[in-house]
Each structure stands twice: as structure tokens, then as C-alpha cells.
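These are my notebook entries on what I looked up in this structure, taken one topic at a time.

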Amino acid sequence: MKMKAQYYFTAIRLGLKSKTIYRASAWIGSVTGIFGLLIQVAIWYALLGAGARFDTTFQTMLTFSILMQLSNAFVATFSGDAISRLIRNGDIAIYMARPIKLKQHLFLGDFGRNLFAVFLVNLPVCIILILFYGFTIPPDWRTIAISIIMLINGMIILFHYRYILGLVSFWLIQNPFTSWGFQNVESIFSGRVLPIWLYPVWLADLTQYLPFRYFFYEPIALFVGKSTLGNSMNSLLIQCIWLVIFVALEKIASHFALRKLIVQGG
Amino acid sequence: MIEVNNVSKEFKVYTRPSGFINTVKSAFWREHKIKRAVTNICFNIEPGELVGYVGPNGAGKSTTIKMLSGILTPSAGDIRVLGIVPYKQRMKNAKNIGVVFGQRSQLYWDLPVRDSFVLHEKMYDIPKPIFKDNVKLFTEILQMEEFIDQPVRQLSLGQKMRANLAIALLHNPPVIYLDEPTVGLDIVAKAAIREFIKEINKMQKTTVIITTHDMTDIEEICQRLILIDKGQLYYDGDLHFFKQQYGGDYVITIQVKSNSINPQHPMLSVVEKEANRIVIKGNSAELSLVDAIDFYNRNYEIIDIGIKESSIESILRDIYTGSIQMQQ
Ligand SMILES: Nc1ncnc2c1ncn2[C@@H]1O[C@H](COP(=O)(O)OP(=O)(O)O)[C@@H](O)[C@H]1O
Ligand SMILES: [Mg+2]
């Protein structure tokens, strides 16, 4: 157990360290990432100002946007691309000859790489925003705990979702996430930019049948008081169902991907 | 220690569909051919053996290594490495083995070599003192001091290969598989790698299977040779015996003092002849090299002599091209 923890820690640390090697490009990448947040905040400020509209205050939206930004920053890189590349060029053989689980290993490395943007760019900017404009904190610890559990759950689901798209790209030659506009689909149905409570009813209803809102929208809506604890238990259950579905899909896709072009050449 | 019994591996090779109808059809059913990479291979390897696994490109060497590592599942037959079936217990097997693929690197590209070593330490749960000792020892034998703290992307091919070899052995695996570890390296790097493999084998009784196209690797490292071609086993046995049985050809160039050299030995054939210089060819199965030289030495006063024995390289070339028939 202790040794496993040390391995996890080292894999994450080296992921982070490899990001700091190209400091300039890492900074530029993360800084452009934070512009989206600043623009959003500016728009909400212009729309809502000091008052409340649509049952929404500026502080709610600020909290929402900050949490959305941070959550996404944790899972910003895509192991999916790595996995299909490894299968394609056969380097997967190296990983399979080691006593590690490939998916886990890639996740740890990615997580480490993402920590760079989280701690060095996103968090400082968010803290400054909070110092200036405040932050909504839920009144009871149960809400906080459930939101955090759901956020972590959401990260795991999102990771699997992208991992599967990466595996699929192994057949399609392209990654649907980056080249087929899946990214836009995701941002519409996930409530990432505009919270779903502001959506027209038909669209909000539609999102319930898709996995995307269960990534981060549900936990954050609970956090900012736009969902009740009772509702969220329901969402947590649906989240768990999606988690099971995605893990199963990933297992199937991995199985076939590995079987098909397993470890070419060399 | 390593048991391979009647192992075969087949790959399905899908044909690329052409035309619209076929592309649609291929979504449901694709035509494929069966490619046999390895056919009915058997061998047993004992602890501490140094085995050269040799064959031309596409012979099935890498496929065998991948099956031994648990990366590929055999289509038929069984494999056991230290009692473990590799593909069934991939992770457990992985702890017992070290693998180097000559064309692939297992080092963090952006980070210093040392960082990859540390990750390896945690991955394999290597006890600290062993890890420290091994890093020190390997750094010394493989002469890695100058680059161990340099990012991998700045290293030469030879330096990267040395680091890859070291990392594969950090956890003191009882078995190592080296798949073309010397491919593309210069003489110095090759020498360092050979020295290292021999040293580790001597110190820790590590079992080594090495594939290579450089027969000097085989001659310097291995005692045993396994030869495969087109997925089939052609020879498995002692390297010296192999040389004697299939090689044994020699060519001697002799220069003598007298002006007329007149060879009459029935077992030797003349390749070239001048007044005082002769090139003859023989085979040690018929007449040993020593006896051949002795024959001339008794009859003439030799002033210069050159000897060329057939190398494994030349024997293999003859086998691959079919001019030597293997006896099964
Ligand atoms: N994943 C694969 N799919 C189809 N054929 C393969 C695959 N891997 C290897 N082969 C074929 O199997 C044969 C043996 O390959 P390999 O073991 O790599 O040879 P070697 O390492 O001896 O050069 C070759 O003909 C190769 O084309
Ligand atoms: Mg090969």
C-alpha cells in the first residue's frame, strides 16, 4: 500500500516536473486558458452588476465560473491522445512489460501536468477574483462534502470519456474530441459556460439524458445553492451509473484496440 | 526457468477495403489473412544461461519476446517464466523480468535520466539500498556519469540505450529480454553494453535472452544459440558446436620462402596460387586447421601466414540463403 502511494506520488510529481521544463510554453498555455474565465466574469459583471436577475446574483456566477475553471483545469490534458499514439507506434509494449496499469499510469502523469496550470495560474487568479468580489460558500458542511465527492467523481468520468474518445480515434484516425467538434457538444450540454438553470426548459431536459452535465455542473450547482441536497443525491446516483457505463465502455474499447493492432513491429 | 512448449502465434492481417461498397461492408465484416509469426516453438532455458535468439528480419523474434513478457497472448502452446504464465499474470511476471526494446525508449523524454530511474524504483518497489547500489554500479559500468543528470532528449542514441539497459535491470530481475539492444550503436556503446550484460550475468546469475543482427554480440555474450526463421526453430544448442557443425570452413593464405609451392593435400582445395604464395580452403571436419598448417610447415619454410575462419555471420548468411541445409 505504502509503495503504491509512493509510485502514484512519483508519477504525478514527474508529470508536473516535465511541465516545468518548458516553462515559457506552459505559462502561455495556462495563461490563455484563464482568459476565458476573465471574459466570463466580465460579462456576468456587466449583466448582473450589483443586483440579481433570473434568480442569479453576480457572486453566484463568479463562484460557479471559478469552480468550473478549476475543475476543468485539473483534467485539461487528454490521455486519450497518448493511448492511441502508444498503440499505433507500438510503444505500448514498454508499458505492458511493466508492473503497472496503463490507464492509471497515464492518468497520474496527466494529473501531474495539469497541476502546473492549476496551482501556478488558475488558483492565483481565482484567489484574486475572490478577494475582490467574494465567494459563495454553502451553509452546511454536508453540501460541501457532497459537492467535492461529486466533483472528483466527475473528473473520473470525464477522464474515461476522453480516454474512450482517444481509443476510438485509433480506428477513426482522428480524435473526435478535437477534430469533430465534440468539444462544442460537450461545452453546450455540460453547462460549462452558461449554467443549465438558465437554459430553456427543453434544452435543460435534454441534458439530463446525456453524461455531460454530470461531469461538473451538478456538483457546482449544488455548491452555489442552485440544487438541493435531495436533488443532488439523485444526481450522484446518475453520476455513478455514468461512471459504470464509461468504465465498462473503456474496458471494451481497450480490449478491442489492443487486440486489433497489438504492438506492431520492432 | 523459462519453458516454451509448442508455442504458436498467429496474427490476423486485415486487408484494406477498396471502393465504396467494400468500405461499407468492412464495417461489419473484414477480410483477413492469417499471418503465422511463430510456429510450434519449444525451448527450455535454465537460470543463468546467456541465449542468443537469432534469425533474419520477420523471423518472429520480437513476437516471441513479447509473448515471454506477457504483452502478447500465444495462439497455442504454453509459456512459463519462473512458473508464471506471462499473459495471465502480466503484472506479476513483469516484476521478474527486465525488457529492452532497441527501437523504443522507456525514459521520460523531457526529464533527466535519474528521474526515470526514481520512477522505476517506485514502480517496482525496489528497496532503497539495492536501488542506490545498482544506480551507482550501473552508472560506473555503463559510464553514465556524464549524462545521468541530463534531459533524455539531449542524449545520443548510445547514451539512451545504455540508460534503457540500466533501467531494465534496476530491480535485479532474474530474467532479462534484450530485443536488438545494440541496433544502430557505435562500437564503443556496443562494447559497453556487452561488457555490462556479461558482468550482470556473472554477478547475479541473470538469465539473458538477446536478439541481435550483430554476430559479434552473440560471439561475445552467448553460450547458447537459438536460431529461428519464418517462425520456426532451426537450431537450439551450444554456440561452439554450431560453429563446428555448420562452419568449420577456413581459408589460409601462406607465403613460403622457396619459389615453387606445390600443394598435394587431398583434403584442401586451392583458391589462388602464385609462385611463392598460395590460398587454400579446407574444412575442419575433414582436416583440422592445425593439421593443415602443419602440413605446409613440414614441407616448406613459411614466412607469412593468414587465417580466416568462418564466422557465425557467414554461416548464418549461408543458412538464410539456403546454401547450407540445416539438419533437424
Ligand atoms: N501485430 C502484428 N500484426 C500482424 N503481423 C505481425 C504483427 N507483429 C508481427 N507481425 C509479423 O510477424 C512476423 C514476425 O515479426 P517479428 O516477431 O517482429 O520479427 P523479428 O523480430 O524476428 O524481426 C513478421 O512477418 C511480422 O510482419
Ligand atoms: Mg524484431
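Entry 1, the interface. I began with the term buried area, which is the accessible area (1.4 Å probe) that two parts lose on being put together, summed over both. Chain A and chain B bury about 2,900 Å² between them, and 61% of that lies on carbon and sulfur atoms. I noted that this is a predicted model, in which local features need pLDDT of at least 70 and side-chain atom pairs count only at pLDDT 80 or more, while totals for chains, interfaces and linings use all residues. Residues are numbered from 1 along each chain as its sequence is written, chains are lettered from A and ligands numbered from 1 in the order in which they are written, and side-chain values use heavy atoms, with hydrogens and water left out.

Taking contact to mean heavy atoms within 4.5 Å, I found 30 residues from chain A and 30 residues from chain B in the contact.

Entry 2, pairs across the interface. A salt bridge here is a side-chain nitrogen of Lys or Arg within 4 Å of a carboxyl oxygen of Asp or Glu, and two of them join chain B and chain A. In one salt bridge the side chains of A:Asp91 and B:Arg104 meet at 2.9 Å, N to O. I also looked up polar contacts (pairs of N or O atoms within 3.5 Å; within protein, one must be able to donate a hydrogen and the other to accept it, and residues adjacent in sequence count only if both atoms are side-chain atoms). Between chain B and chain A there are eight residue pairs in polar contact, both residues at pLDDT 80 or more.

Where does ligand 1 lie? Ligand 1 is placed between chains A and B. Oxygen atoms of ligand 1 lie 2.5 Å from a polar side-chain atom of B:Thr63, 2.7 Å from a polar backbone atom of B:Gly58 and 3.2 Å from a polar side-chain atom of B:Lys35. On its own ligand 1 has 560 Å² of accessible area (Shrake-Rupley method, 1.4 Å probe), of which the protein covers 81%.

Side chains of opposite charge can pair when their charged atoms come close.

Methods:
Near = heavy atom within 4 Å.
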